[in-house]
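Student: I've just opened this one and would like to get my bearings. Can we go through it together, one question at a time?

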Amino acid sequence: MIALFLAAQAQTTSPEINGQLFRPSMDARQTLWTDDSTRSPNGTLLARAVLHYANRPVVFLDQDGNPTPIVRDVVQLSALAAYSRGPVRIGVDVPVYLRSGGIEGGETGLGDVGAELKLTMADRNKAPIGLALLGRVTAPTTTVAASLGNRGFGWEVSAVVDREFGPLLVAANIGTRGLPDTELENFEWSDQLQGRLGLGLAVSPNGGLSLDVGTNVNYANVVPGATPAEAILGGYGRLTDSLVLRGGVGSGITTGFGAPRFRVISGLAYEPAAEQDADADGILDKDDACPRVPEDPDGFEDLDGCPEGTPVMVRLVDPDGKPVDGRWMLEGDTKVAGGSGEGASVEAGAYTLEAFAKGYGDVERSVEVPEGASYELVVELTPNAVLTQLTVSVTDEEGAPIPEARWAVVGGLEGQPPGETVDVDPGDLTVEVSAPGYRLAKQEVSLKPGDTSSLVFVLAKARAEVTASRIEIKDSIYFETAKAIIKAESHDLLDEVAEVLQAHPEILRVRIEGHTDSRGSATYNLKLSDDRAASVRNYLIQRGVEGARLDSVGFGESHPLVQGETEEAWANNRRVDFFVVERSE
């Protein structure tokens with residue numbers, strides 16, 4: 001409380017000044033009132049709704065010491081929004097008085113709207129202290145008669161300094177505040193020195209406690225007891241990745257103008273979790289495999305956020321010193337692996353080295369990795385037994401070469417042209433040959449080290465071929481008369497269809513359609529065609545085609561290829577078709 005004026009007139013008219021000492025910070029993460037140097041990532045949008053109640057913030061004392069509450073109580077909603085771009089943060093503060101009481105009676109209305117700019121000059125995660133400058137302007141937009149708004153424009157400029165001591169943040173704000181001059185009998189309301197001190201204790205990654213103390217001091221005159229000071233004890237907790245709940249209680253430390261008897265605060269904020277770099281190594285915690293231990297930039301794996309041990313490079317070579325394509329593994333307290341010519345970071349000490357490559361004997365030996373910037377291990381591998389030479393010839397059924405054919409060793413060589421001699425590993429091998437328009441062929445062969453072997457493949461013309469929309473078959477599938485039993489003479493053709501499906505995994509679904517001629521009733525023919533299509537589907541499943549890739553349906557006599565009632569028309573209309581329904585990209 002303060003004796004603002006002594007005239008009786010003052011007891012019935014509110015002065016045009018703002019009786020609220022407290023205003024919530026727009027973007028402080030660990031305090032309610034004191035601003036910090038927090039620098040949000042580019043494009044970060046913050047929004048806060050803070051509801052606070054103050055009791056008896058402005059009281060008049062007459063000559064006899066009798067109090068008259070100019071502002072008895074006020075319920076205020078502060079709507080705040082802030083946006084960050086680089087080191088700059090801009091924001092707006094819209095205060096709304098939901099209800100105020102005092103000599104003006106109960107009122108509801110708008111307060112002085114404020115706009116704010118903050119420039120972060122030193123990031124406390126990378127510098128010994130955080131440092132920022134804060135500027136603010138307010139417009140005389142108040143619509144209530146109570147002492148809750150200034151009669152003209154106002155401005156503020158403050159310095160923000162903060163530092164972290166483990167989980168404790170200490171922040172201080174000091175600056176100057178420009179206000180329209182207002183004479184209140186023996187007291188002049190004018191430009192002020194303002195200061196705030198805040199402590200924020202992170203109890204967990206998602207919550208903590210805070211203590212804020214703030215004051216304003218008039219430059220024109222310092223009246224004993226007229227300097228307001230207020231303390232607020234608060235806390236915060238993150239509800240989700242984006243929502244934070246805050247609250248607090250406060251009281252005036254002095255009885256100065258704007259310091260209430262008590263204050264209660266609650267607020268909800270949209271605050272996406274800040275990107276942190278706890279070890280200040282320039283790698284954000286979300287990308288840092290070791291967020292509490294700084295990276296040691298040495299040109300080796302400097303982007304994972306973890307300090308590395310000795311960079312070890314392993315090269316595999318043959319007895320002539322030529323590179324060998326293989327793999328290696330170092331096993332000690334930790335295990336690392338890689339390919340020839342690749343490296344890894346390990347702590348100095350004893351390891352077991354294993355190295356292996358196709359066509360070479362495995363190597364296992366002990367190695368000692370020293371302390372140092374880098375270390376190279378050259379591992380000599382001894383070739384296995386002499387390879388086998390293999391020649392594959394491919395002809396059609398008439399003995400003519402098929403130059404476009406290609407052969408492969410299952411699990412090994414691929415895409416080899418016929419007629420060339422190729423070195424292959426000895427042992428039991430499966431050789432496959434394929435050519436456009438011909439059926440796939442396979443042979444099992446056993447090759448001894450150092451042998452020279454030749455294989456001759458005779459490819460049969462394909463009777464099943466994949467087109468854009470179907471699997472074309474160059475013969476008919478025959479069934480026993482009036483039955484769904486597939487004749488043995490069609491088994492070879494269906495085996496080829498199964499081979500085609502297995503060779504084309506990109507075909508995801510095929511519809512097998514059964515059709516009959518027009519003899520017999522339509523109902524009978526429909527069931528017969530459906531049974532025959534299902535019989536073909538079952539046969540293909542038995543030959544290794546996944547059932548999920550096959551659908552079957554019968555159409556009876558409803559989809560004839562040839563019109564007419566002749567033996568030739570009937571033979572053409574009795575058929576099984578394979579349509580491609582779905583392919584992968």
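Student: How many charged residues does the lining of the largest cavity have?
Tutor: This is a predicted model, where local features need pLDDT of at least 70, side-chain atom pairs count only at pLDDT 80 or more, and totals for chains, interfaces and linings use all residues. Residues are numbered from 1 along each chain as its sequence is written, and side-chain values use heavy atoms, leaving out hydrogens and water. Sort the lining by class (Ala, Val, Leu, Ile, Met, Phe, Trp, Tyr, Cys and Pro are nonpolar; Asp, Glu, Lys and Arg are charged; the others, Gly among them, are polar). The largest cavity then has eight nonpolar residues, 12 polar ones and, to answer you, charged residues numbering seven.

Student: Which residues are the closest to the centre of that largest cavity?
Tutor: A cavity here is a set of points on a 1 Å grid over the protein atoms alone where a 1.4 Å probe fits but cannot get out, and lining residues have an atom within 4 Å of a point. The largest one holds about 340 Å³ of space. Of its 27 lining residues, the closest to the centre are Asn18, Gln20, Arg23, Arg136 and Arg177.

Student: Which element gives the most to the lining of the second largest cavity?
Tutor: That cavity holds about 90 Å³, and Phe22, Leu32 and Ile265 are among its lining residues. Strands are DSSP runs of E, at least two residues long, numbered from the N terminus. E1 (45-61), E14 (243-252) and E15 (262-270) give two or more residues each. The one that gives the most, with four residues, is E15.

Student: Which residue does aspartate 27 meet in a salt bridge?
Tutor: Side chains of opposite charge can pair when their charged atoms come close. The rule for a salt bridge is a side-chain nitrogen of Lys or Arg within 4 Å of a carboxyl oxygen of Asp or Glu, and the count comes to 36. For aspartate 27, the N to O distance is 2.8 Å, and the partner is lysine 118.

Student: How many residues apart in sequence are the parts that this pair ties together?
Tutor: Both ends count as buried (under 20% relative accessible area): aspartate 27 is at 2% and lysine 118 at 1%. Aspartate 27 lies in the segment before E1 and lysine 118 in strand E5 (residues 114-122), so the pair ties together parts whose separation in residues is 91.

Student: Where does the salt-bridge partner of arginine 136 lie?
Tutor: Arginine 136 meets aspartate 93 in a salt bridge at 2.8 Å, N to O. Arginine 136 is in strand E6, 43 residues away from its partner. Arginine 136 is buried at 6%, and aspartate 93 is buried too, at 4%. Aspartate 93 lies in strand E3.

Student: Is arginine 177 buried or exposed?
Tutor: Arginine 177 meets glutamate 156 in a salt bridge at 3.8 Å, N to O. Salt bridges that share partners put both of them in one network, which also includes Asp27, Lys118, Asp93 and Arg136. Like glutamate 156, arginine 177 is buried.

Student: Which residue stands opposite aspartate 93?
Tutor: Two strands pair if DSSP finds at least two bridges between them. E2 and E3 run antiparallel, joined by 14 bridges. In their hairpin, with two residues between the strands, glycine 86 takes a positive phi near 65 degrees. Opposite aspartate 93 in E3 stands leucine 80.

Terms used
1 Å grid on protein atoms, 1.4 Å probe; cavity = no way out; pocket = protein on both sides within 12 Å on 5 of 7 lines; lining within 4 Å. Points joined across faces, edges and corners; volume = space filled by probe spheres on them. Buried < 20%, exposed > 50% of the residue type's maximum accessible area, 1.4 Å probe, protein only.
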